[in-house]
Structure formats: structure tokens, C-alpha cells
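User: Could you walk me through how to read a few features of this model? I'm new to it.

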Amino acid sequence: MRRAGKDLLSLALIDARNRTLRWVNTCEEALVQSSSGAGPFAQPIDRRDPPLWSLGHLGWYQEYWISRNLQRARGDAPGDDRTRLASIDPNADACYDPAQLLPAERWQRSLPDLESVRQYLVATLETTLELLDRAADTDKGLYFFRLALFHEDRQAEAFTELSQILGWAVPWLAPLATPVRRDPLLFPAAPWVMGADATGFAFDNERPGHLEPVHEFEIDAQAVTWSQYAEFVADGGYDDPSWWSDDGWAWVQREGRRSPRHVDQLRQGVLVQRFGRATRVAMDQPALHLSWYEADAWCRWAARRLPSELEWEAAAHRGQARGFRAGQVWEWTAGSFRPYPGFVPGPDRSWSESAFGSHKVLRGGSFATGERMRHLKYRNFQRPERDDLFSGFRSCAL
């Protein structure tokens with residue numbers, strides 16, 4: 001999809017919007033209640049935007065960067081994008097522009113009702129498709145259409161995460177698979193081109209591509225399983241501060257954690273809450289809903305370590321024919337989210353820069369990640385305490 005032409009991109013944009021509207025239909029009653037300050041969205045949900053705001057923001061984002069953007073034909077080339085055409089909704093900027101409405105203010109804001117939001121989503125997509133039909137079939141000409149597509153795909157997974165938090169069924173979601181266990185993989189020292197090349201679409205934090213030396217390393221062929229993680233819990237891992245970083249131990253104490261989020265039982269099998277149902281899962285499935293702090297603590301306990309981003313990316317590309325498997329859970333990597341040498345921010349300045357230094361990087365994708373978003377160069381970044389994600393990890397030898 002990063003190199004898709006106009007025809008395929010048009011179908012993808014329609015598919016993404018249909019998936020958004022399908023989620024709306026699934027939880028329509030709760031969304032209608034939220035307009036009147038009632039239901040499950042009456043109170044803030046930790047680290048989440050109001051769903052009604054997120055839905056309207058999808059229409060706003062597409063409109064802001066495409067139909068209202070006088071510079072869209074320039075792609076991600078630097079330019080003056082301060083001048084915008086007016087929105088079809090005169091209140092759109094005041095309601096959905098993240099620069100005007102900060103996260104803490106979004107739960108207090110009076111928003112349009114669900115039917116108005118639904119009409120806004122339909123209308124903005126129609127205009128987007130008309131403009132796409134007239135756009136140049138080049139990377140620059142299609143840049144903002146691809147950007148809007150991936151923005152909506154990211155939000156689709158965020159809606160799935162929210163469904164897990166609230167215990168709502170997601171009937172169209174495929175279950176988590178149980179992978180075949182494989183031995184760790186050893187990779188010899190060799191340079192690797194980190195980041196994306198100059199063709200097709202890439203997020204700003206993936207560029208520029210640059211050569212990095214990679215020392216010899218051994219890495220798990222798949223993510224750490226419930227069986228492996230349960231040993232850490234049974235050994236008192238959540239009671240012993242020696243396995244945790246200072247920030248990690250403070251998080252354990254603050255949250256009162258004795259096991260991972262959504263886990264009811266880790267002995268005689270794993271019993272977890274999955275989309276509102278107590279579900280017994282196989283011990284060989286990847287451990288899920290783990291924060292970076294938990295991944296780091298397990299690695300210390302197991303005399304292992306988290307892979308660097310460089311090691312993860314090199315192994316993911318070089319190890320596919322040798323059994324390297326990713327895509328079941330987002331995988332935490334070591335170190336902090338940093339710009340690559342020569343980083344140039346993209347047009348959406350809110351995307352990467354504010355997270356540098358404070359966030360950790362996850363790679364690979366989860367069972368809830370859309371196929372279009374799966375890319376071995378993609379850098380998901382979140383704060384280390386986040387355990388509401390479909391996140392796990394793999395480890396490396398010391």
C-alpha cells in the first residue's frame with residue numbers, strides 16, 4: 001500500500017472508512033448516549049480520547065490534509081501550509097483540531113451528535129475520492145491520501161483496543177494464533193540499512209535510510225509466551241524490586257500489579273479477559289498487554305535483554321526464511337524513541353517530534369493491526385507504562 005496507485009488507494013480509503021463506520025454501528029447506542037453525557041463514555045477513559053471526538057477527527061484529518069490543503073500536490077516537500085480552505089463544517093476546527101483542543105479538554109467539549117459525525121465522515125470521504133481521481137499518480141501527488149489512509153488504519157486498531165478495555169465483543173476480529181516454537185536465531189555481524197528508502201510512502205520518523213553496523217546477536221524467533229512469562233510471575237517477579245528499573249518499580253507499586261493486565265489466572269493455564277469474556281488461552285501464545293517495564297523486568301530476571309530497534313529490524317528482514325515470526329503482538333524494543341540522523345519532520349508536525357526521548361518503540365504489529373499497516377520499517381511509539389495495547393516482546397542473549 002505504500003506504493004499503491006490511485007485505483008488501489010481509492011478502494012483502500014473506502015475500506016478504511018467502512019471499517020470505521022462498522023465500529024460505529026457496533027457501539028452506536030453508547031456513542032448516542034455520549035452526546036448527552038451518559039453511558040460508558042460519560043467519564044474519561046485513561047489515555048484515550050472520547051470516541052465521538054476520534055471519529056470526527058478522522059473526517060477532519062482527511063479534510064484538513066487533502067481538500068483544504070492548497071499544498072497537497074507538493075507531498076511532503078517543505079512549503080507554507082498555514083493557509084487552508086474552509087471546512088464544510090464551520091465548527092470542525094474548534095471541535096477536532098488537536099492543536100486547538102488538547103487531550104485533557106476533549107472530554108469536556110460538547111461535540112456534534114453521532115448522526116452529524118456520520119454525515120461528516122461520508123461527506124469528507126466523497127470529496128477525498130473526487131480529488132484522488134484528479135491527483136497526479138506519483139509519490140508526491142498521493143502522499144496525503146496515503147497519510148490519511150494510514151491515520152485511519154491506526155485509529156481502527158485504537159478502537160479495537162478500546163473495545164478490549166470496555167469488554168465489548170469485536171466479532172470480525174480473527175483470534176490470536178498459536179505459533180510453532182522455534183529455537184533462537186543467531187545473526188552474524190553485518191551492516192544494515194536502517195529506515196525507509198526514498199521511494200513510496202514513509203513516515204517522517206522512518207527517514208532517512210542510513211547504514212548502521214550490527215554486531216553479532218542472538219534473538220528469539222518469536223515473542224515471549226505466556227508459559228515463559230508465567231515463570232517470572234510464579235517466581236515472585238512482581239514482588240522483587242531487583243528485577244525492575246526505578247521507574248518500573250514505581251509503576252508496579254502505583255498500579256498495584258501482581259500480574260499482567262486482563263489476566264485472571266496464570267496457574268494451570270492462562271485465563272484472561274478478552275473482549276468481555278473470560279477466555280482460556282494456550283500457554284504457547286504470545287504474552288499480551290505487557291508494558292515496556294514488564295518486558296524489561298522479565299528480561300532482567302531471565303538474564304536476557306530487549307533487542308535494539310536495529311537488531312529487531314535486521315532480524316525481521318534477514319530471518320523470515322529462518323523462522324522469524326512477527327505480527328501477533330506489538331514488540332517492545334530497548335532504548336528510547338529517537339530521530340534518525342538527518343531527520344526532517346513531515347507536514348504533520350504533531351506526529352513524531354513531541355514523542356522523541358519520552359516514548360519507547362514497538363515493532364511488528366499485532367493480530368488487530370490491519371494488513372496495510374504491517375511494515376517491517378514502521379515504528380510504533382508509546383510511553384513505557386502503556387499496557388492497554390496489544391503488546392508483548394521478544395528477547396536477545398546478553
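Analyst: Let's start with accessibility: a residue is buried under 20% relative accessible area, exposed over 50%, and partly exposed in between, using a 1.4 Å probe and protein chains only. Aspartate 46 has 54% relative accessibility, so it counts as exposed. This is a predicted model, so local features need pLDDT of at least 70 and side-chain atom pairs count only at pLDDT 80 or more, while totals for chains, interfaces and linings use all residues. Residues are numbered from 1 along each chain as its sequence is written, and side-chain values use heavy atoms, with hydrogens and water left out.

User: What does aspartate 46 meet in a salt bridge?

Analyst: A salt bridge is a side-chain nitrogen of Lys or Arg within 4 Å of a carboxyl oxygen of Asp or Glu. Here aspartate 46 pairs with arginine 47, at 3.4 Å from N to O. Arginine 47 is partly exposed, at 33%. Both belong to a linked network of salt bridges whose members include Glu161, Arg261 and Asp388. By this rule, the count is 34 salt bridges.

User: How far apart are glutamate 115 and arginine 118 in helix H6?

Analyst: Helices (H or I, at least four residues) and strands (E, at least two) are DSSP runs, numbered from the N terminus. In helix H6 (residues 114–134) these two are three residues apart, which means about one helical turn separates them. Glutamate 115 is partly exposed at 40%, whereas arginine 118 is buried at 18%.

User: Is serine 163 buried or exposed?

Analyst: Serine 163 is buried, at 2% relative accessibility. You'll find serine 163 in helix H7 (residues 139–166). Contact means heavy atoms within 4.5 Å. Leaving aside neighbours within four places in sequence, serine 163 touches Trp23, Trp168, Val170 and Phe275.

User: How many cavities of 30 Å³ or more are there?

Analyst: On a 1 Å grid over the protein atoms alone, a cavity is a set of points where a 1.4 Å probe fits but cannot get out, and lining residues have an atom within 4 Å of a point. Points are joined across faces, edges and corners, and volume is the space filled by probe spheres set on them. There are two cavities of 30 Å³ or more. The largest has a volume of about 80 Å³, and H7 gives the most to its lining, with three residues.

Key: On a 1 Å grid over the protein atoms alone, a cavity is a set of points where a 1.4 Å probe fits but cannot get out, and a pocket is an open set with protein on both sides within 12 Å along at least five of seven lines; lining residues have an atom within 4 Å of a point.
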